[in-house]
Amino acid sequence: MPHFTVVPVKDQAQSSYDSLEGINWVDYRDTGQDFPDQDTVSSDGHGNHKEDSPFLNSADAASKKNDFYDRNLALFEEELDIRPKVSSLLSRLVSYTSITQGAKEHEEEESAQASRRKTPKSPNMGTLMGVYLPCLQNIFGVILFLRLTWIVGMAGIMQSLLIVLMCCSCTMLTAISMSAIATNGVVPAGGAYFMISRSLGPEFGGAVGLCFYLGTTFASAMYILGAIEIFLKYLVPQAAIFHATDPQSDSAMLNNMRVYGSICLSLMAVVVFVGVKYVNKLASLFLACVIISIVSIYAGAFKSMTHPPEFSICMLGNRTLVRDRFDVCAKTVIKGNITVPSQLWERFCLPGNMSSAQCDDYFIQNNVTEIQGIPGLGSGIIRENMWGNYQQKGEILEKTGLQSVDAHGAMENFGMYVSADIATSFTLLVGIFFPSATGIMAGSNRSGDLRDAQKSIPVGTILAITTTSLVYLSSVVLFGSCIEGVVLRDKFGDAVRKNLVVGTLSWPSPWVIVIGSFFSTVGAGLQSLTGAPRLLQAIAKDNIIPFLRVFGHGKTNGEPTWALLLTGLIAELGILIASLDMVAPILSMFFLMCYLFVNLACAVQTLLRTPNWRPRFKYYHWALSFLGMSMCLALMFISSWYYAIVAMGIAGMIYKYIEYQGAEKEWGDGIRGLSLSAARYALLRLEAGPPHTKNWRPQLLVLLKLDEDLHVKYPRLLTFASQLKAGKGLTIVGSVIQGNFLDSYGEMQAAEQAIKNMMEIERVKGFCQIVVASKVREGVVHLIQSCGLGGMKHNTVVMGWPYGWRQSEDPRAWKTFINTVRCTTAAHLALMVPKNVSFYPSNHERFTDGNIDVWWIVHDGGMLMLLPFLLKQHKVWRKCKMRIFTVAQMDDNSIQMKKDLATFLYQLRIEAEVEVVEMHDSDISAYTYERTLMMEQRSQMLRQMRLSSAERQREAQLVKDRHSLVRMGSLYSDEEEEVVEAPPEKVQMTWTREKCEAERRNRKNAPENFRELMSLKPDQSNVRRMHTAVKLNEVIVNRSHDARLVLLNMPGPPRNTDGDENYMEFLEVLTEGLERVLLVRGGGREVITIYS
């Protein structure tokens, strides 16, 4: 730990500062003045609320007067309003305590103020009591006592060691990854769920958290089934309600398990609901039962070297007999010097007759022998048990090496033999054994109770896994070395008088194991039933899955009542399965899924090297995490491929649900960092060069106009963009706010939020970009130049038509429009201008018929052909037909043009009708001439009006500021026109003789200006352009007046800016009488190709 020395600093004399810079010192600490309330919302400076912020809140108001205006920190007064001093921060961090995850119940309900006043109890549990022993209790369980001997018998010692090694290696690698995550900061309540969700994000966290919850819930069902199996098979067999009529049928036993399991589950749920504190207090008792049982196994194994226990097995030939169905292992017995049939004889033969013809063939031809069930450690039985002996369902257990005559036995005697109840395989045994390796999260779940969690969790968990792995490995060897093979393969101990097989080896009595394993399984079931509802409550309180919110509530003391009810219902499903061997692989899947994502979280964080990844546990590596992840995935498919697919499907559905409808959380997770790294890599790849023509699609920059209330003026522009894109490619929605950035920052944020809301309504997937600029024209140019990043830039600009430009005296709207057209052309970008956009269809409309007409006048790289094809992918336009018109002049062969165009479209794989429209040379009509004349007269008139207005402003400005020569020089420039006109101020003008004469001359010239306007002759180039616009419009309206949409080449603006206003008139004339028009300009490159 670094050492700090606190040096007091004496207050300087206040008077020595008073004269500096003319400061008048005011000490608020002494005057008792109140100062305004500060906004104490925890924020990161961008409006994003944090989970836990060290910044000051309203509770600190009492200390503000002492802290904020410290004389020694006067330079930082403004910062101290919202940021604490270092001393305050450190004192708050030291007093931080995480909420404990364990089942902790309040002894008495306290009021809110009383609980706030109560000093939190400091966590004081060490590694042994806090992590090591809880992990031991959770890892050792029902499989060790009920199934490990059977696994050794079926798989043999070598394959059993492989199974144990695989499962324990998987959990060890997971523990290493978990230790790295758990020591990377404070882990509050939630354990594995908290670690995964904060490392991989809410989607993965919710999916894996629910998988972990389901695994824990099914674990409680498995422990209850194990306890009931011990109860009905070995403790009180007489308690069975249902009795089997057919020896081959398991239905009676399964029904008994269902009834007693449901009763046991109900009792446990009541215990958990009423008093969780008793479960915690009994945990040490249950752990003692587990440890005593394991010690008794080792004691019995070593004692068997010299004094093996007496458990004889009766064999008929090489077949194993059920020992509790007869008294003596012999065909006949001697009673008073008379040989009489034994009970065994009566089982295989008809009663009262010793004739051979009335007996089972196999019984007659084979001898009855008795062998030792527990030969002992020094017997050499290990050689027979070394290799596997997998069996099919119903196959009789046979001992190799015993003489046997193969004869056909009667089926009614099948119940006398010990047979396999299920078909076994290596993969099945892996799925059954894996639950006995789970439980490694017990330490991390108790992180709130630990004195030093970052030290205790890694040490305790890894030591616990090492201990349990050694116990499992040594148990496999001891069982294979001490117990006869047929007894090992006897799952329920039928060959040893219904004794628990592992109990036959224990010392001093089999009852030690039976009673100890019963209590340990009951305790483990209670622990699982206690932990699962709290895990669900933690997920529900995070509010990432909306339909789980109700399970976040509970009793007044925090107990999760509703979560316990749901846990009980799900556990009941496991109870109804009624088979321990079928439930075990289910919970194996869910635990393996959880462990897989713990490893993934550690690997992702390590490879990304995020700045916050600084775990205190140093013995980890991304390769180990990947190996652990691979082992988890392999074990899932090894144990049960169909359960694995179901578990992954459940997790995938939860992931997509949270992604689609869940609450958005920003937890600084690794997946976000992974996305950033992937985006960076992809952007660098895109930077290599422009996209190929085959990959070209319109990447849109949509320029929106906002009204005074910062609402989108034409939302149908966004509708059109969403229909054109259908969620593919890049869409950037941009807008310009006129003003100063320092003054308009809040306005910019409000505008951005309004546009994002509208984008969400119109289902536009893209980005929003707001620019604050002194002139709208400059802001638009900035957007065109700077939007996008690297190779992910827009190639097409969409902007609205400047409606009402004719009626407005202000030329800025159409000048900005034309300037934007010029900028897109200069930047080699495509341009789309939807005219009459308010008539465009919404996303909810459907066109059942109609045409999309393309008027292909000038080749633009294929944009006109590509856009209708993309629009027709959307459900609004899907049923519209495409028609392509092209214009032929007098010297063109229209028939050949139509053939060539049809061939071209066929090669483009675009279905469309083709028409060639012939435009004959004709004289310029009087209407065209008149229209051109009106256009030029209007332009001249508006120009004169603006000049006279500018003259008046100039006079006022000269009087107001005689030295403003710079402004006079820019009087007629575009700069002046862009400035928002302020209301004219009243200026007192001083009239001289010269000024009076000038005013009279201006008034006399007014009629002359009017006469000049009336005698104006139109420019011939304008007449020609107007003639083209009028003729084209006539043809287009004639052919496409009923079209759903008309796409048209947009002519470029004139090179001479004096004709800009005339250009707007030409476009108006060209599109008159059409309901929906899309003006298109290509970007100067081919965007469609005939090649594959």
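Two strands count as paired if DSSP finds at least two bridges between them. Helices (H or I, at least four residues) and strands (E, at least two) are DSSP runs, numbered from the N terminus. This is a predicted model, so local features need pLDDT of at least 70 and side-chain atom pairs count only at pLDDT 80 or more, while totals for chains, interfaces and linings use all residues. Residues are numbered from 1 along each chain as its sequence is written, and side-chain values use heavy atoms, with hydrogens and water left out.

Start with β10. Five bridges tie this strand to β15 (residues 1077–1081) in an antiparallel arrangement, with V833 facing L1079 of β15. Strand β9 (residues 796–799) also pairs with β10, this time parallel and over three bridges; here T796 has A830 as its bridge partner. Strand β10 covers residues 830–835, and six of its six residues are buried (under 20% relative accessible area with a 1.4 Å probe, protein chains only; exposed is over 50%, partly exposed in between). In a regular strand the side chains alternate between the two faces of the sheet. In β10, A830, M832 and P834 point one way, and L831, V833 and K835 the other.

Elsewhere, an open three-stranded sheet runs in the order β2-β1-β5 with antiparallel pairing. Its edges are β2 (319–320) and β5 (368–372), each pairing on one side only. Strand β1 (residues 312–316) is joined to β2 by two bridges, and L316 sits opposite R319.

As for helices, S528 lies in α21 (residues 510–541). S528 counts as buried because its relative accessibility is 9%. Beyond neighbours within four places in sequence, S528 is in contact (heavy atoms within 4.5 Å) with T216, A219, S220, Y223 and P533.
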